[in-house]
Amino acid sequence: MLPRRFAGLFIFVFLTASTKANGIYGNGVGAQAMSMGGTDTAWSDSPLAAMGDNPAGLGFLELPEFDLGVLSAIANGNFDKESISHGSLNDSLKAIPEGALAMRLGQYPVTLGISCIPDSTLLADWHYTDPPGGLNGTTTYGYQEDKSEILVLRSAIGAGVKINSKLSFGASVGLIYNENQLKTPYIFQNLQPGSAAPYNGAKTLLDLDTSGFGGNFEAGMIFKATTNLQLGLSYKSETIVNTTGDANGDPYAQFGAPPGPLAFHYDADVKNKFPQEASLGLSWKFHPQWRLALQVDWINWSDSFETLPVSLSHGNNATVNSVLGSSFKDNVPLNWRDEFVYRAGLEYAVTKNLALRAGYSYGQSPVPDSTLTPMTAAIMEHTLTAGIGYRWSRYEVDLGYQYDLPVTRNVGASGLRAGEYSDSSLTVGVQTLAITARMQF
């Protein structure tokens, strides 16, 4: 379990940028799983995979093992709104580590695990000209950095119980660290109380940072139906995190004022709800050198990413307080849809020590056109993966590559106030490289 300061440092130093075929979640945990399209629910034969995908995998681990991995991602994207605004996604290379340890509990058929894994990320770092909008439809803050971050780090402890040679159950509990950042020209959507409602649609520069902790649990089962066929099932609970922090801004352009006199600071509270999900998988070694893995995931976005509630209090600018009040709430509409993600992976054992892997996953983007902006650009659908693994003695190194094929989405009439993103288009593509080192001892 990471202390708050260490967790924050961990995130800022190793922050990754990625948008996946399944919203803000990655395709498997570790290079091996990623290179097979994220198909790990029925396999999970390492501490990292078990603690990240299906804790039942811990039950079949006989020897103590430590896994350490690094993921590195680079994203490319373009935003365009007719001839009014255009820009691009920051394509700088970023990386993030992950690790897990598992150890058998004496002579008992119980294996304990501990891990620190980035559970999900949504990071969009754009630079483009602020489209005209606001109360009068013409307010713009010019060329800006538009940045949105929702990051989740899960530190967990778990256990797997081997019932017999065919069946294992497992569970884990996690401490969730969530960090949110929004730096953009922001339009108020659904202000409360009612006295502030006339300013719905008003635009301000906003820099919001909040962080906080929550908790969740994960449980799973792996059944070895035959020597070569395994079935897996896993479930992860919903996570609710109440985060606190600061909101700074300046609505000078909206009200025709110079920068500075209307600048404000509020204490900020953001409530994030991350979805429950369930996975069903199959792993079939249909030939001594070949293994096929299939998996389907269900992610309950509609009950979590419906709105993003933001509460601001203790405002320090008397002029702004006279209009909006010293405390108020806003609900940002998201309206994400539930999602099924379909995965397939193939592994070929070239030799006893060398394996080649490939995979594919597909999940229709949960983000509707009506609320799509560059800051919510989790629009990837088709993902191709490949990788290689080499084992010698007590050690193994896996390398995985993932290509989220570029997707272009067009917004007709935006459902957000002021219609700034109406008649706009958005293109995003991501490439990810992962390396995982495993050591048994």
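Me: Which residue forms a salt bridge with Glu65?
Reply: Arg438 does, with the closest N and O atoms 2.9 Å apart. Keep in mind that this is a predicted model.

Me: Where do Arg438 and Glu65 sit in the chain?
Reply: Arg438 is in strand β19 (residues 424-440) and Glu65 is in strand β1, so the bridge links distant parts of the chain, 373 residues apart.

Me: Is Arg438 buried or exposed? And Glu65, buried or exposed?
Reply: Arg438 counts as buried at 6% relative accessibility. Glu65 counts as buried too, at 2%.

Me: How many salt bridges are there in the whole structure?
Reply: A search of the whole structure gives 17.

Me: What does Glu62 pair with?
Reply: Glu62 forms a salt bridge with Lys162, and their closest N and O atoms are 3.2 Å apart. Glu62 is in the loop between α3 (47-52) and β1 (65-81), while Lys162 belongs to strand β5 (residues 143-162), so this pair ties together parts that are 100 residues apart in sequence.

Me: How accessible is Glu62? And Lys162, how accessible is that?
Reply: Glu62 is partly exposed, with a relative accessible area of 44%. Lys162 is also partly exposed, at 23%. The cut-off for buried is under 20%, so Lys162 does not count as buried.

Me: What is the partner of Arg357?
Reply: Asp398, in a salt bridge whose closest N and O atoms are 3.0 Å apart. Arg357 is in strand β16 (residues 354-363) and Asp398 in strand β18 (residues 395-411), 41 residues apart. Arg357 is buried, with a relative accessible area of 6%, and Asp398 is buried at 1%.

Me: Which residues do salt bridges with shared partners join into one network?
Reply: Asp45, Glu65, Arg291, Glu347, Arg357, Arg391, Glu396, Asp398 and Arg438.

Me: On to pockets. How much space lies in the largest pocket?
Reply: About 820 Å³.

Me: How many residues line the largest pocket, and which lie nearest its centre?
Reply: The lining has 38 residues, and those nearest the centre are Gln32, Trp43, Asp45, Glu347 and Arg391. Asp45, Glu347 and Arg391 are also members of the salt-bridge network.

Me: Which elements give two or more residues to the lining of the largest pocket?
Reply: They are β7 (203-224), β8 (229-236), β11 (277-287), β12 (290-299), β15 (339-349), β16, β17 (382-392) and β19.

Me: How does the lining of the largest pocket divide into nonpolar, polar and charged?
Reply: It has 14 nonpolar, twelve polar and twelve charged residues.

Me: And the second largest pocket, how much space lies there?
Reply: About 180 Å³. Its lining has 15 residues, with Pro251, Phe255, Val320, Val323 and Leu324 closest to the centre.

Me: Which element supplies the largest share of the lining of the second largest pocket?
Reply: α4, with four residues. β7, β10 (264-274) and α4 (318-324) each supply at least two.

Me: What is the make-up of the second largest pocket's lining, nonpolar, polar and charged?
Reply: Twelve nonpolar, two polar and one charged.

Me: Back to strands. Which residues of β8 are on its covered face, and which on the uncovered one?
Reply: Gln230, Gly232, Ser234 and Lys236 make up the covered face of β8, and Leu229, Leu231, Leu233 and Tyr235 the uncovered one.

Me: How do β7 and β8 run, and how many bridges join them?
Reply: They run antiparallel and are joined by seven bridges. The two form a hairpin with four residues between them. Gly220 stands opposite Ser234 in β8.

Me: How many bridges are there between β8 and β11?
Reply: Eight, again in the antiparallel sense. In this pairing Leu233 stands opposite Leu280 in β11.

Me: Last one, Thr184. Where does it lie, and is Thr184 buried or exposed?
Reply: Thr184 lies in strand β6 (residues 167-187) and counts as buried, at 5% relative accessibility.

Me: What is Thr184 in contact with, leaving aside neighbours within four places in sequence?
Reply: Thr184 is in contact with Glu145, Asp146, Thr204, Leu205, Leu206 and Met375.

Key
Residues are numbered from 1 along each chain as its sequence is written. This is a predicted model: local features need pLDDT of at least 70, side-chain atom pairs count only at pLDDT 80 or more; totals for chains, interfaces and linings use all residues. Side-chain values use heavy atoms; hydrogens and water are left out. A salt bridge is a side-chain nitrogen of Lys or Arg within 4 Å of a carboxyl oxygen of Asp or Glu. Buried means under 20% relative accessible area, exposed over 50%, partly exposed in between (1.4 Å probe, protein chains only). Contact means heavy atoms within 4.5 Å. On a 1 Å grid over the protein atoms alone, a cavity is a set of points where a 1.4 Å probe fits but cannot get out, and a pocket is an open set with protein on both sides within 12 Å along at least five of seven lines; lining residues have an atom within 4 Å of a point. Grid points are joined across faces, edges and corners, and a volume is the space filled by probe spheres set on the points. Ala, Val, Leu, Ile, Met, Phe, Trp, Tyr, Cys and Pro count as nonpolar, Asp, Glu, Lys and Arg as charged, and the others, Gly among them, as polar. Two strands pair if DSSP finds at least two bridges between them.
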